[in-house]
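Here is a friendly walk through a protein chain, taken one step at a time. Keep the structure open beside you as you read.

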Amino acid sequence: MFTRRMLMGAAAALALSATAGMAQDKMLIPLISKGFQHQFWQAVKVGADKAGAELGVTVTFEGPDNETQVDKQMDMLAAALANKPAAIGFAALDSQAAIPLLRQAQDAKIPVVAFDSGVDSDIPVATAATDNLAASALAADKMAELIGGSGKIALVVHSQTSRTGIDRRDGFVNRIAETYPDIQIVATEYGDGDQLKSTEITKAILAANPDIKGIFGANEGSAIGVLNGVREMGSKVVVIGYDSGAAQKAAIRDGTMAGAITQNPVGIGYETVKAAVAAAKGETVPKSIDTGFFWYDKTNIDSPEIAAVLYD
């Protein structure tokens, strides 16, 4: 005969079992980012979590400690695929290295949505990202305007293997070459998005080119490194950045950074999860999802349109 305590225990066990079943039935969408050291990725996570909550799916978000750890990112991608998710979001540190694992996802009929940085493959069903070529071309236009259309400049870029690094470099360099014949790019260096490394690179550029007029930092870590190097050298060159974050926003407010390109990281995260869920359900998703970009400086940093896409 069941006692009251036994009946209560059985009821509790059934409730737990039902809850576990519901959790198992919930669609799993893991996102593998490039890293966690920049505030940009925290903002992408906010957008991904928001979409997950609205769409009733389980979203996980992880990335390596820094943007040089390609092998660690591959391990994270492999582990995520082993959990047999409904779909997966992936921001590649190396546009080639992940292709074998992405082929495994394709063979297992797990849709892949690239975000922020695409891969050199047609495996992803969609890519949610900034048009980095156009955005960095705008940065080049602003640099040309601010230095008077002539003089020496340089770039400090975060990567020569990720799609974002390649496109931001090429968009900037090509616009200068095509439109501004009196501007000379004297250096394009790579700092892995690391502030300290980018600081030392900037100091070396300034020491070698005392007449340089401007430097472009192609992501958050690069831009902060450029800013720090300029400050340490006591230089007055024009600094243009990419992304936002507290340090860049403060530098723009006090005039030490002329301006920057901001993406819409919350939108990137949101659109990635939205596209992943749609693809997992067999729905058609657009191959390219342009999440937008904006130029901001001290004249518009507090405008509602810009404030909505800046992050700390």
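Lys203 is partly exposed, because its relative accessible area is 22%; here buried means under 20% relative accessible area, exposed over 50%, and partly exposed in between, with a 1.4 Å probe and protein chains only. The side chain of Lys203 meets that of Glu232 in a salt bridge, with 2.9 Å from N to O. By salt bridge we mean a side-chain nitrogen of Lys or Arg within 4 Å of a carboxyl oxygen of Asp or Glu. Lys203 sits in helix H7 and Glu232 in helix H8 (residues 220-233), so this pair links parts of the chain 29 residues apart. Helices (H or I, at least four residues) and strands (E, at least two) are DSSP runs, numbered from the N terminus. Glu232 counts as exposed because its relative accessible area is 51%.

Before going further, a word on what you are looking at. This is a predicted model, in which local features need pLDDT of at least 70 and side-chain atom pairs count only at pLDDT 80 or more, while totals for chains, interfaces and linings use all residues. Residues are numbered from 1 along each chain as its sequence is written, and side-chain values use heavy atoms, with hydrogens and water left out.

Now step back to the whole chain. It has eleven helices and twelve strands, and its C-alpha atoms fill a box of roughly 90 × 40 × 30 Å along the principal axes. Of the 312 residues, 51% are buried. Contact means heavy atoms within 4.5 Å; among contacts between residues at least 6 apart in sequence, 73% join residues at least 24 apart.

The chain is divided into domain 1 (28-130 + 265-292) and domain 2 (132-263), with bounds that come from an automatic or database domain assignment. Their centres, taken over C-alpha atoms, are 28 Å apart. Where they touch, domain 1 gives 18 residues and domain 2 gives 19 residues. Together they bury about 1,400 Å², 42% of it on carbon and sulfur atoms; buried area is the accessible area (1.4 Å probe) that two parts lose on being put together, summed over both. Within domain 1, the residues that lose the most area to domain 2 are His38, Gln39 and Thr130, together 35% of what that side buries.

What holds charge across this boundary? The count between domain 1 and domain 2 is one salt bridge. The side chains of Arg163 and Asp120 meet in a salt bridge, at 3.1 Å from N to O, and Asp120, Arg163 and Asp167 are linked in a network of salt bridges.

One joins Asp116 and Lys34 at 3.3 Å, N to O. Asp116 lies in the loop between strand S4 (112-115) and strand S5 (126-129), and Lys34 in the loop between strand S1 (28-32) and H2, 82 residues apart. Are these residues buried or exposed? Both Asp116 and Lys34 are buried.

Another salt bridge joins Lys152 and Asp211, also given as 3.3 Å, N to O. Lys152 belongs to strand S6 (residues 151-157), while Asp211 is in the loop between helix H7 (195-208) and strand S8 (214-217), 59 residues apart. Lys152 counts as partly exposed because its relative accessibility is 26%, and Asp211 is partly exposed too, with a relative accessible area of 45%.
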